[in-house]
Amino acid sequence: MNQILINKLEQLIFRAKKSLVMVHQKPDGDALGSALAFSEFLDALGKPNDFFALGPITTSADFLPGREKIKSDFGKISLSDYDLIIMLDCGDFKQTGIEAELRALPAEFPIINIDHHQTNENFGILNIVDPESSSTAEIVFSLFEQLNFPVSKNAATALLTGLITDTANFSNPATTFSSLEAAGRLLAHGAKLGEISSNVLQNKSLDVLKFWGIILSRLTENKELGIVTTVITQEDLELANLDEEALEGVTNFLNNLKGAKMVLVLKALEDGKIKGSFRTTTPGIDVSRLAKTFGGGGHAKAAGFTIPGKLVKIEGGWRIE
Ligand SMILES: [Mn+2]
């Protein structure tokens with residue numbers, strides 16, 4: 001990484017009296033892992049900091065060392081208490097869930113933006129954005145290495161959780177030589193792989209898998225476009241009495257599908273909106289560009305968007321109205 005960026009990062013951190021480490025709303029393993037490691041880094045430097053992520057926070061993160069640090073209720077923090085924001089794994093302000101509050105900050109308010117989303121808007125005073133990186137955790141780890149920061153067992157576990165989450169356990173196209181190499185070095189730092197696997201990967205209950213069955217049974221193929229689609233309605237969630245967390249992973253699981261160019265999962269949200277999630281493993285297809293045409297964003301191989309509308313069952317499929 002560019003030494004000028006590293007110097008600027010150090011300067012901003014040392015100048016700050018109290019920092020807020022932040023990630024996107026409903027944080028995944030990469031957001032939580034990279035931010036917990038970063039918060040530990042600030043602690044080690046003796047720099048006061050808080051960690052905020054608008055909830056809900058997945059229970060599969062309960063095992064992460066430092067989990068108790070995470071503040072997920074915006075009512076309980078005040079942005080005016082901080083003089084630096086370090087935003088991790090977040091492509092734009094909208095994804096934080098507190099866009100208006102961030103926009104209301106004074107123009108000169110320093111934000112450090114560390115991320116790997118291709119659609120990142122470079123909103124920081126310092127932008128360390130690398131779409132080639134498997135995960136934000138991988139970027140944070142390489143920062144630590146360049147700063148000669150001694151990575152603890154806990155930080156290594158948090159960072160490896162990020163790598164495993166965003167590479168779908170080293171199976172999706174984000175998996176690269178450098179991500180595997182970083183994972184190896186994190187193991188050398190004492191990352192607890194067994195604990196990560198059992199909490200992040202082997203954590204589905206019988207009810208959840210039965211529910212996945214319903215969603216999978218609805219898969220429909222549009223042969224012309226090469227898109228396979230499924231839907232998740234609000235009634236599904238109510239009937240199964242499962243929370244959204246239960247759905248986590250079903251979209252990524254569809255990457256196992258052979259023969260389709262891409263997969264689209266449409267999920268009805270409570271407030272009359274629909275969330276679409278694209279996945280693809282097809283070389284040359286960039287679903288973040290597709291998602292962007294619907295006002296969303298993400299990565300080349302995994303991207304999403306939210307649009308107003310509701311899902312209506314019609315003969316032979318579903319329609320958005
Ligand atoms: Mn990520």
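Lysine 47 sits in the loop that runs between helix H2 (29–44) and strand S2 (49–52), where helices (H or I, at least four residues) and strands (E, at least two) are DSSP runs numbered from the N terminus. The model is predicted, so local features need pLDDT of at least 70 and side-chain atom pairs count only at pLDDT 80 or more, while totals for chains, interfaces and linings use all residues. Residues are numbered from 1 along each chain as its sequence is written, and side-chain values use heavy atoms, with hydrogens and water left out.

**Lysine 47**

- Lysine 47 is buried yet has no salt bridge, and the nearest side chain of opposite charge, that of aspartate 83, is 7.6 Å away; buried means under 20% relative accessible area, exposed over 50% and partly exposed in between, with a 1.4 Å probe and protein chains only.
- For charge, Lys and Arg count as positive and Asp and Glu as negative, whereas His and the chain ends are not counted.
- The side chain of lysine 47 reaches the backbone oxygen of phenylalanine 14 at 3.0 Å.
- Leaving aside neighbours within four places in sequence, lysine 47 is in contact (heavy atoms within 4.5 Å) with Ile13, Phe14, Ala16 and Leu42.

**Manganese site**

- The manganese ion is coordinated at 2.1 to 2.3 Å by Asp30 (OD), Asp89 (OD), His116 (NE2) and Asp166 (OD); donors are N, O and S atoms within 2.8 Å of the metal (3.2 Å for Na, K and Ca), and sites may look incomplete because water is not among the atoms.
- Aspartate 30 in helix H2 and histidine 116, in the loop between strand S5 (111–115) and strand S6 (126–129), link distant parts of the chain, being 86 residues apart.
- Both aspartate 30 and histidine 116 are buried.

**Sheets and hairpin**

- Strand S10 (residues 273–279) and strand S12 (residues 302–308) run antiparallel and are joined by seven bridges, with isoleucine 274 standing opposite isoleucine 307 in S12.
- In the hairpin of S13 and S14, which has two residues between the strands, glycine 316 takes a positive phi near 75°.

**Salt bridges**

- The count comes to 10 salt bridges, each defined as a side-chain nitrogen of Lys or Arg within 4 Å of a carboxyl oxygen of Asp or Glu.
- Arginine 185 and glutamate 145 meet in a salt bridge at 2.7 Å, N to O; because arginine 185 lies in helix H6 and glutamate 145 in helix H4 (residues 136–146), the pair ties together parts that are 40 residues apart in sequence.
- A network of salt bridges links Glu145, Glu181 and Arg185.
- Arginine 103 forms a salt bridge with glutamate 99, the closest N and O atoms being 3.3 Å apart, and these residues are separated by about one helical turn because they are four residues apart in helix H3 (residues 99–103).

Technical notes. A polar contact is a pair of N or O atoms within 3.5 Å; within protein, one must be able to donate a hydrogen and the other to accept it, and residues adjacent in sequence count only if both atoms are side-chain atoms. Two strands pair if DSSP finds at least two bridges between them.
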